[in-house]
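Open the model in your viewer and keep the sequence panel beside it. The stops below say what to select next and what is there.

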Amino acid sequence: MREVCYLFLTRNLPTLLDRKDRMSMALGLEVRVPFCDHRLVEYVFGTPWAHKTFDGREKSLLRAATADLLPQSVVRRVKSAYPAIQDPTYDRILRTRFTELLNDRNAAVAPLLSVDRSRALDATDNLRGVERILALQDFLTDYNVSLTV
């Protein structure tokens, strides 16, 4: 889990923070991300995984540390994903890229995909799944990773 956390911090988080910066600045907002303070991140990164999920939920340490400071409705709230993009153009771009990917037998991610199941995924409007597959494709391509299954 430490490796997974490291990969998230070094690969995914910069993209999310960049997106947050661009969206907030486009509207003239100053957005703070207090839990991304490098000292806090370094400290929590070194904490054993069992301590971070001692109650079987995500963010157990944070929930416990703030339980007496926040309303219980906030402490017990289920973690929600970063909001999806609402622009319909984004959906079209995703679908176009995904169709191109499914038609490319040489795609880096191809050994992992069942084309029929992937087309079904697209048909169900599971765009989060489509985004994940495209992100994996981009990662494999950007880092020149080849898969043998």
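**A tour by selection**

Start by selecting Arg 11 and Tyr 143: Arg 11 lies over the face of Tyr 143, at 5.6 Å from the ring centre. A charge counts as over a ring if NZ of Lys or CZ of Arg is within 6 Å of the ring centre and within 35 degrees of the ring normal. This is a predicted model, in which local features need pLDDT of at least 70 and side-chain atom pairs count only at pLDDT 80 or more, while totals for chains, interfaces and linings use all residues. Residues are numbered from 1 along each chain as its sequence is written, and side-chain values use heavy atoms, with hydrogens and water left out.

Rings of Phe, Tyr and Trp (its six-membered ring) pair if their centres lie within 6.5 Å; planes under 30 degrees apart are stacked, over 60 edge-to-face, and the rest tilted. The count by this rule is one aromatic pair. Phe 139 and Tyr 143 form it, tilted, with 4.9 Å between centres and 40 degrees between planes. Phe 139 is partly exposed at 35% relative accessible area, and Tyr 143 is partly exposed at 48%. (Buried means under 20%, exposed over 50%, partly exposed in between, with a 1.4 Å probe and protein chains only.)

Next, select residues 127–142, helix H8. Helices (H or I, at least four residues) and strands (E, at least two) are DSSP runs, numbered from the N terminus. H8 has 16 residues and reaches 22 Å from its first C-alpha to its last, close to the 22 Å expected at 1.5 Å a residue; the expected span is 1.5 Å times one less than the number of residues.

Which residues of H8 are buried? They are Leu 127, Gly 129, Val 130, Ile 133, Leu 134, Gln 137 and Leu 140. These cover an arc of only 160 degrees around the axis, so they sit on the same side of H8; the arc is taken from the directions from the helix axis to the C-beta atoms. The face turned away from the buried side carries the exposed Arg 132 and Asp 142. Just after H8, Asn 144 has a positive phi of about 55 degrees.

Finally, select Cys 5 and Cys 36. A disulfide is a pair of cysteine sulfur atoms within 2.5 Å, and the count by this rule is zero. The sulfur of Cys 5 is 13 Å from the closest cysteine sulfur, in Cys 36, too far for a bond.
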